[in-house]
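Student: I would like to learn how to read single features of a structure, one at a time. Where do we begin?

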Amino acid sequence: MSGVASWLGAEKHADKRPFLLARAKALSAVRAWFTAQGFVETDLGALVPVPGAETHIEAFAAGNGYLHTSPEFAMKSLLAAGERKIFRLGHAYRKGERSDLHAPEFTMLEWYRAEAPYEQVMDDCMAIARAAGEAIGASHLQFRGASIELKAPAQKLSVADAFQRFAAIDVRDERIAAFANANVKPNGDDTWSDLFSRVLVEKVEPALDKNAMTILYEYPIPEAALAKPCAHDPRVAERFELYACGVELANGYGELTDAEEQRRRFTAAMDEKEKRYGERWPLPETFLEALAHMPPASGCAMGFDRLVMLLTGARRIDDVLWSAAP
C-alpha cells in the first residue's frame, strides 16, 4: 500500500502529546469558567438545512443538508425560546480552509448573553484566555516571536481609527474611491467589501501591536454581518474582533434582532455568493422567524484551537488537534 500514512505513530504522537494534554486542561477550565458564570452548555447537532450565510465560506454538503459552519443560528434561536446565557464548545466545518491557522474541522467556542452590552463579551474574551492559561500554567500568549502577558489589558481601537492611522482611509465613506489614499486599485468587479478586506489584511492587521491583545471594534455597516448598528453612529456596527500575536482569535457582536434587515443582508450575501461561486444557500427561514422574538443580546465566537496554540507556543493548528484534519 502506497501513500503517506495518516497514522502518526508513537514518536510523532509523543511530540504532540504535551500540547494535547494542555488542550484537555484548557477545555475543562473554560467549561468551568462558563459554569461559574451561570451559563448553560448547549449540545447542538452538526447537520443543518442551512450552513450559514457568508459569501466567501464554503460548506460541506452532507445528505440532504450541510455540516454547519457555525452554531450561531441554532444558539440565537435558543435565546428566542427563552435561554439567557448559553455556550457551546464543539466542532465547526468549513471546506477548503487549510493552513497553519486553519483546519476544515475545528473547535469553535461560542457564547451568548441576553440583555448584555457587547462590551461584556469583550471582557469575557480576556477572562476566558486567562482562565485557560492559569489551568495549564501559561502566563503569556506566544506565536512566531510575539509574546503577550495574559494579565495585561487589551488595547481597543476603532476600525475607523485603525484605517485612518494605518492606511489614511475613512471607512465610513462607502464609495470605492475612498480607497484611493491607500493606493489600492479595484481589480475587475471588486466591491467595496473586497477593498476593505484587502486593506485590512495588507495594511491594518500587520500594523497592529503583536505584543498586546488588540480589540478592533465598530466595523462599518457593509461588514456588519449579524451585528446591529451603533446607536451613536448608524454607519458603523456593534462588531469587534480580538487579535493576539497577529492572530485573529474572536469575533463578537451586539446582535441584530431586526428580522427584515437581517433578511436583506442574507439575500445580498447570497446574491454575491451566486455571482462569484455559482452557489446559493437557502435562507434560514426558521432562524429569521425566531429572530423576531429574540431579546437584545451579545455574542462571540472564539477559535479554541487557536487559543490553545497561543497558550502552548504551538507552531501550527495541527499540533493541538488530536488527529490532523484531512
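Tutor: We begin with contacts, and with the reminder that this model is predicted. Leaving aside neighbours within four places in sequence, D190 is in contact with I176, L195 and R198.

Student: Where is D190 placed?

Tutor: D190 is in the loop between α4 (159–167) and α5 (192–204).

Student: Is D190 buried or exposed?

Tutor: Burial is read from the relative accessible area, and under 20% counts as buried. D190 has 18%, so this residue is buried.

Student: Which side chain does the side chain of D190 join in a polar contact?

Tutor: The partner is R198, and the polar contact is 3.2 Å. R198 is also among the residues in contact with D190.

Student: Which side chains make polar contacts with the side chain of H102?

Tutor: One is the side chain of S99, at 2.7 Å. Another is the side chain of R306, at 3.1 Å.

Student: How far apart are H102 and P284 in sequence and in space?

Tutor: They are 182 residues apart in sequence, and 26 Å apart in space from C-alpha to C-alpha.

Student: Now the aromatic rings. How many aromatic pairs does the structure hold?

Tutor: A pair of aromatic rings is described by the distance of the centres and the angle of the planes. The structure holds 13 aromatic pairs. In one of them, F73 and F287, the ring centres are 4.6 Å apart and the planes are at 20°, so the pair is stacked.

Student: Which parts does the pair of F73 and F287 tie together?

Tutor: F73 lies in helix α2 (residues 72–81) and F287 in helix α7 (residues 285–291), so the pair ties together parts that are 214 residues apart in sequence. F73 is buried, with a relative accessible area of 14%. F287 is buried as well, with a value of 3%.

Student: What about the rings of Y118 and F240?

Tutor: Their centres are 6.1 Å apart and their planes are at 55°, so this pair is tilted. Y118 lies in helix α3 (residues 118–136) and F240 in strand β12 (residues 233–244), so parts 122 residues apart in sequence are tied together. Both Y118 and F240 are buried.

Student: Which residues do ring pairs link into a cluster?

Tutor: The cluster is made of W33, F34, F39, F87 and W111.

Student: Which residues lie over the face of a ring?

Tutor: Here the reading needs a charged side chain and its distance from the ring centre. R239 lies over the face of Y219, at 4.5 Å from the ring centre. K273 lies over the face of W281, at 4.0 Å from the ring centre.

Student: How many cavities of 30 Å³ or more does a search of the whole structure find?

Tutor: A cavity, unlike a pocket, is a space from which the probe cannot get out. The search finds one of that size. About 60 Å³ of space lies in the largest cavity, and its lining includes E205, L208, Y243 and C245.

Student: Last, the backbone. What is phi of A168 near?

Tutor: Phi of A168 is near 55°, a positive value in a residue other than glycine. A168 is in the loop between α4 and α5, and a relative accessible area of 34% makes this residue partly exposed. For A225, phi is also near 55°. A225 is in the loop between β10 (214–220) and β11 (229–230), and is partly exposed at 35%.

Terms used: Residues are numbered from 1 along each chain as its sequence is written. This is a predicted model: local features need pLDDT of at least 70, side-chain atom pairs count only at pLDDT 80 or more; totals for chains, interfaces and linings use all residues. Side-chain values use heavy atoms; hydrogens and water are left out. Helices (H or I, at least four residues) and strands (E, at least two) are DSSP runs, numbered from the N terminus. Buried means under 20% relative accessible area, exposed over 50%, partly exposed in between (1.4 Å probe, protein chains only). A polar contact is a pair of N or O atoms within 3.5 Å; within protein, one must be able to donate a hydrogen and the other to accept it, and residues adjacent in sequence count only if both atoms are side-chain atoms. Contact means heavy atoms within 4.5 Å. Rings of Phe, Tyr and Trp (its six-membered ring) pair if their centres lie within 6.5 Å; planes under 30 degrees apart count as stacked, over 60 as edge-to-face and the rest as tilted. A charge sits over a ring if NZ of Lys or CZ of Arg is within 6 Å of the ring centre and within 35 degrees of the ring normal. On a 1 Å grid over the protein atoms alone, a cavity is a set of points where a 1.4 Å probe fits but cannot get out, and a pocket is an open set with protein on both sides within 12 Å along at least five of seven lines; lining residues have an atom within 4 Å of a point. Grid points are joined across faces, edges and corners, and a volume is the space filled by probe spheres set on the points.
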